[in-house]
Structure formats: structure tokens, C-alpha cells
Amino acid sequence: MFVDSLLNGFNGLTAGFANLQWSHLVMMVIGGLLLYLGIKKDCEPLLLVPIGFGCILINIPLAGLMDQGGFLRIIYDAGVITELFPLFIFVGIGAMTDFGPVLENPYTFLLGAAGQFGIFITLLLALALGFPPKDAVTIGIIGACDGPTVIYVASQYAQHLLGPVTVAAYSYMALVPVLQPPIMKMLTSTKERQTIMKTHQKTVSKTTKMLFPIVITVIGGLIAPMGLPLLATIMLGNLMKESGVVGRLTKAAENEIANIVTLLLGISIGATMSGPVFVQTQTLLILILGLLAICLDTVCGILFGKVLYLVTGGKVNPLIGAAGISAFPMAARVAQKEGQKYNKKSFLLMHAMGANAGGQVGSVMAAAVMLSVLKGMGVI
Amino acid sequence: MDKWSFGMTMVVVGMGGTICTLVIFSLIMSALKKVFPYKKEEDQ
């Protein structure tokens, strides 16, 4: 009797090891890799550290963290399933983003549109590879290069893809400085890359800056009501910032709220990366398609930049087209750095920031339009 | 609906809708800049 009891007690201590599958180990290594990228390589550490840790946690068998009542399940159900976390993050992003550069030159909204082409091409590729329509849309959205948008769409329409698409989106966003320069070099001539763009004069009034979020919300909401939560939250954050009368709320949105939600969002996304679910050929395909989406966005942005170069008689440097992909503000910095590499007198940052802010609005609008088209077709 | 009709609808209406929306945004913001021009006093 005592021996049986002893053995059962001992089994309790070894059950974790006994239930460990090879896929759990693979995912622990991937979790470790995400931690390494975040901590040592400074790649999106705010997200990759909690995601990596959550990924390791969820692959420890029998802990039941994602079972009913498990602490990760509670966080996941409260913020991801309800879509609240990405929306709170958007309020913070809106409060942190200065749309001034895109308002200085409203034509840069068009670069933001061109930077979304990859989403739609990738959607077609995903369909060709046999993914069902809603999954294909979710995979295409990786090309929005905008984490909260990806999470919002996946949590609504393809929860089983939440882990891979989120990891793909944030990882590739962090890799923008590595992915974009070769494409920029391949698609532009030295003469184009050396183009100097006219320095900005400050021409946007405070009234225009305050009306921007209100007008965009109303017009965008009327065109694509299904994406209004995304658009409204980012614009609310921006209105708070530009109005200047709710400093406490603005600070809370860009600091405390954004920080707390980022932590909870990261760890609950990591919790979706359970070995038996994640280690599949499909995940690899999603990662490849996501990479392709962001590269195609860059290609289309630069090609549109080249069109503007031709139309304006060489006044627009096509490199700023690469910043139309969102990934704010990293893509703008890459355009500035690459421009300076070929012409020390070239200062593209403010122009690229315009395209980048246009891309931020463009990615949200692309998702909003897609959701509304899906609704119109009766798919959702 | 077959998947190619779905895909092409998404590309044409989705991408077209996104471009049109951003063109509209661009025009509206240009108009707003004209209606509410920047004045130097705003810096003070």
C-alpha cells in the first residue's frame, strides 16, 4: 500500500517528462530563439520577449495554462478573443504617431496604398496553395506589416493561425532593415537613389491636425465599417495627442496602457504556440508567405515611387516608396539610411516618414476594406 | 463561389477600395490644408 502510494507520488513528479513530445521541445527551442532575438539582437524585444516566454511556458506538459481556468487562458479569452488587446495597442500607437509628415504631403498617402499590394498578391498565393478563404485573408494581412492589425483579423477569423501569423508579422517587421535594402538596390538606379528631395516647410495648421483623425474616422468608417474599431482606436489616440488637452490620457495610452497590454498580448500570443498545433508544414508555409508579402509590399512601394519619380520629373526619390509598408517608423529610417548611402546630401527622413505614416493608415484601411468586402460577399 | 472568383474579387475590390479610400483621404487633407492654412503664430 505504502509502496504504491510512493510510486504514485513519484509518478506525479515524472509525469511532465513522460508527456514531453518532440514537438514541445522544438517549440521550446523556438521560444528560446525568440528570446535570443529580443534580448540579444534587440528585435522587437517588447513583443518577442513575452511571446518567447509564453511559448516556452505553454510547451511544458500538464501545467494546464491554456485549459479552462488556466491563467493564460483567462488572459487570452479576456483580451485576444474579444479583440480588446490589439485595439488598446492601437490607441497607444495613435497617441505616439505624428501624422504631420503625411499631412505635409498628402500624396504620400498613395505610397501607403502601394505598400499594401503585397497583402492581396499573397492572398491569391495562399488560395493557390489550398488555404481556405478566411485563412488566406489572414495570411495576406501579414503584409500589412502591422502587428495589432494582424492579431485583430486573426483573432476574429482564423484563431488557429494566431500564433504563426503574429510571430511572422513581428519577426519580419524587425527584419525590415535586412529585407528592404537589397530590394531597394535591385529595383532602382544609382541616379534615382541619389535624388535629393526638397526640404519641408512647416505648412500644416493645428486645426488640420486635429480634424485629420475625425475626418479619417468618419470617411473610413463609412467606406469600410467592418474595420472601424481599428481605425477609430488609432485615430482616437491621435486626436488625444493633437488636441493637447488630455495630456494625462495621452501619456497613459502611450505608456501604461500600451505597456500592460503589450505584456499581456505577448504572453497570450506565445501561449498559442503549443508544439502539436504549431509544428506543421502549414506553419512553415505561412512563414514563407508572410515573408513574401512584406517583400512584395516593398517591391510595389518602390515601383510606385519610381512612377512618382517619372511623373514629377525626378523630384521624388523612389526609395521613400519602401516606407509605404507601415512598420512605423523603422521603414522610414531604412529609406533615410539607404538614401544617405548613395548621396550624403540627401535627407529623406521626413518624406519617408510621410510615406510611412501613410502606410500606417493604408494598412489599417486595407484590413478594414478587406473585412467589409468579406462581409459584403457573405464570407463572414 | 469558387476560390478564384473570391480571390479576384478581393484583389479588385479590396485593393481598388484601399487605393480609392487613400486617394479620397489625400484629397480631403489637401482641401483641409487650404481651408485651414498654417499661420506662423501657431508656433508661439
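This is a predicted model: local features need pLDDT of at least 70, side-chain atom pairs count only at pLDDT 80 or more; totals for chains, interfaces and linings use all residues.
Q: OK, the A–B contact. How many residues of chain A are in contact with chain B?
A: On the chain A side there are 36, and they touch 28 residues of chain B.

Q: Which helices of chain A supply at least two residues each?
A: Helix 7 (108-114), helix 8, helix 14 (206-223) and helix 20 (349-377) of chain A.

Q: And which one gives the largest share?
A: Helix 14 of chain A, with ten residues on the side that touches chain B.

Q: How does that side of chain A split by class?
A: You get 26 nonpolar, eight polar and two charged residues.

Q: Let's stay with helix 14 of chain A. At what angle does it pack with helix 1 of chain B?
A: About 150°, and the axes of helix 14 of chain A and helix 1 (residues 3-35) of chain B are 10 Å apart. Since angles over 145 degrees count as roughly antiparallel, helix 14 of chain A is roughly antiparallel to helix 1 of chain B.

Q: Which residues make that contact?
A: From helix 14 of chain A, A:Thr208, A:Leu211, A:Phe212, A:Val215, A:Ile216, A:Ile219, A:Gly220 and A:Ile223. From helix 1 of chain B, B:Thr21, B:Ile24, B:Phe25, B:Ile28, B:Met29, B:Leu32 and B:Lys33. By class, that contact has eleven nonpolar, three polar and one charged residues.

Q: I see a lot of three- and four-place steps in those numbers. Why would residues spaced like that point the same way?
A: An α-helix has 3.6 residues a turn, so residues three or four places apart point the same way.

Q: Is that crossing left-handed or right-handed?
A: Right-handed, for helix 14 of chain A passing helix 1 of chain B.

Q: What about helix 8 and helix 9 of chain A?
A: The axes of helix 8 (residues 117-128) and helix 9 (residues 133-140) of chain A come within 8 Å and cross at roughly 140°, and those two helices are therefore oblique to each other. The crossing of helix 8 and helix 9 of chain A is right-handed. The residues meeting there include A:Phe120 and A:Leu123 from helix 8 and A:Val137 and A:Ile139 from helix 9. That contact has eight nonpolar, two polar and one charged.

Q: Switching topic: where does helix 16 of chain A bend?
A: At A:Ala253, by about 45°. Helix 16 (residues 247-270) has 24 residues and reaches 33 Å from first C-alpha to last, close to the 34 Å expected.

Q: Last bit, the loops. Which peptide bond is cis?
A: The one from A:Phe328 to A:Pro329, with omega near -5°. A:Pro329 is in the loop between helix 18 (281-311) and helix 19 (330-342) of chain A.

Q: And what's the phi of A:Glu44?
A: Positive, about 40°, although A:Glu44 is not a glycine. A:Glu44 lies in the loop between helix 2 (22-39) and helix 3 (45-58) of chain A.

Technical notes. Residues are numbered from 1 along each chain as its sequence is written. Chains are lettered from A and ligands numbered from 1 in the order in which they are written. Helices (H or I, at least four residues) and strands (E, at least two) are DSSP runs, numbered from the N terminus. The expected span of a helix is 1.5 Å times one less than its number of residues. The bend at a residue is the angle between axes fitted to the seven residues ending there and the seven starting there. Axes are lines fitted to C-alpha atoms, for helices over the stretch in contact, and angles run from 0 to 180 degrees between N-to-C directions. Angles under 35 degrees count as roughly parallel, over 145 as roughly antiparallel, 65 to 115 as roughly perpendicular and the rest as oblique. A crossing is left-handed if the near helix is turned anticlockwise from the far one by less than a right angle, and right-handed if clockwise. Two residues are in contact if their C-beta atoms, placed from the backbone, lie within 7 Å. Ala, Val, Leu, Ile, Met, Phe, Trp, Tyr, Cys and Pro count as nonpolar, Asp, Glu, Lys and Arg as charged, and the others, Gly among them, as polar.
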